[in-house]
Each structure stands twice: as structure tokens, then as C-alpha cells.
Amino acid sequence: YKSDFFDTFVGFYSFVQTQFSASIKTLQTNGGGEYSSVKLQSFLHSKGITHHKSCPYTPEQNSLAERKHRHIIETTVTLLQSAQLPSHFWSFACHVAVYLINRMPTPILKNCSPFEALFGTPPILTHLRVFGCSCFPLLRHYNTTKLQPKTKECVFLGYASKYKGFICYDVLTGRVYISRHVVFNESRFPYSH
């Protein structure tokens, strides 16, 4: 668990440097064990990163992070409920929640979205679809024979992070497809039937 956080933080540190030519100056955490490993403290020290910790049993000292966490969780639950999806799809709903929140204007950023504040350009929103709706991905490339159907009804579970495509879930087989070519029926929700 401690090693997982360390590896994640080191990856994030490299990502920030490479993608934004920026440096991390301070890490604010609670006093959890995953943040106090010798390995992490040594890395922070070597990079000149200050580590601030909140006092034990005082989550209010991390109020910004706590509020953002609550916003993400509440949005995740809303997405799952509106699509009538079971809770085991929570990770997909959470990913979509963060994706949408980062593209919404906020008064904190003078009605700019976090995306626009970070990249300097407004986000493109034309590809957004209703989470959990019915979708029909092109399956020709996934098929093993020419007699298989070119598409079938799936559930839209979000936007692929490493591909320019949509995540589609086949309810009958449990298979996940990533496809760029998808037709949506945003008024039908397969899990509601």
C-alpha cells in the first residue's frame, strides 16, 4: 500500500514536469502511514518538496481535498443511480465524474473550467454522452468471422483514457469494448430493463 502511493506520486511528479514544465512545491496530506514512508520522505527531500501534514483527527485541515472528494463521490453516486447501474461499476462512474467536473466552469476559476485553466483552451464538449445509456459500437474489428453481427447493444461506461474512443460494456457477455465508432441512444438505459 505504501509502495503503491510512492510509485503513483513519482509517476505524477514526472507527468507534471513533462506535460506542464512545472514543479511540485508542496505535498499536503493527512498523517496516514502511506505518506510517511522513508522512501517517500527521501524522494520529497531530494526534489525540494515541502511536506505539510494535518494534525491527527482534524480532517478540516484538509478541507479543500475533503470537499472535492465529496463532490466526486456525490457525482459518482448520481451517475450510477440515474443510469440504474449496480455499484460494481463505481470506478467507471468515478472516472466519468472527474472527467465531467474538470470540464465544467467553476466560480473559483472565474467561470473557467479546470481543463481550460490547465491547458489554456476551452474543452471540446461535442463528444459527451449520457453515462449508462444504450450504445452500439462497431464490432467488425473484434469479430472472428464475417457472420458475426457488426454491432450489438452495450452500455456506455465512459471515455477511454489512453485511446480516443468510448468504453462500451456488453451486458450479456461482460466484455468491454473500446470503439471510436459508436451510435448512442441516450434515452434508453439497458440496466433499467
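Student: Is Cys-112 buried or exposed?

Tutor: Buried means under 20% relative accessible area, exposed over 50%, and partly exposed in between, with a 1.4 Å probe and protein chains only. Cys-112 is buried, because its relative accessible area is 17%. This is a predicted model, in which local features need pLDDT of at least 70 and side-chain atom pairs count only at pLDDT 80 or more, while totals for chains, interfaces and linings use all residues. Residues are numbered from 1 along each chain as its sequence is written, and side-chain values use heavy atoms, leaving out hydrogens and water.

Student: How many disulfides does the structure hold?

Tutor: A disulfide is a pair of cysteine sulfur atoms within 2.5 Å. The structure holds 0 disulfides. For Cys-94, the closest cysteine sulfur is that of Cys-133, and at 19 Å it is too far for a bond.

Student: Which residues of helix H4 are buried?

Tutor: Helices (H or I, at least four residues) and strands (E, at least two) are DSSP runs, numbered from the N terminus. An α-helix has 3.6 residues a turn, so residues three or four places apart point the same way. In H4, the buried residues are Ala-93, Cys-94, Val-96, Ala-97, Tyr-99 and Ile-101. Contact means heavy atoms within 4.5 Å; the buried residues of H4 pack against helix H3 (63-83), helix H5 (114-119) and S4.

Student: In what order do the strands of the sheet lie?

Tutor: Two strands pair if DSSP finds at least two bridges between them. Here 5 strands form an open sheet in the order S6-S5-S4-S3-S7, with antiparallel pairing. Strand S6 (176-179) and strand S7 (182-185) are the edge strands, each pairing on one side only.
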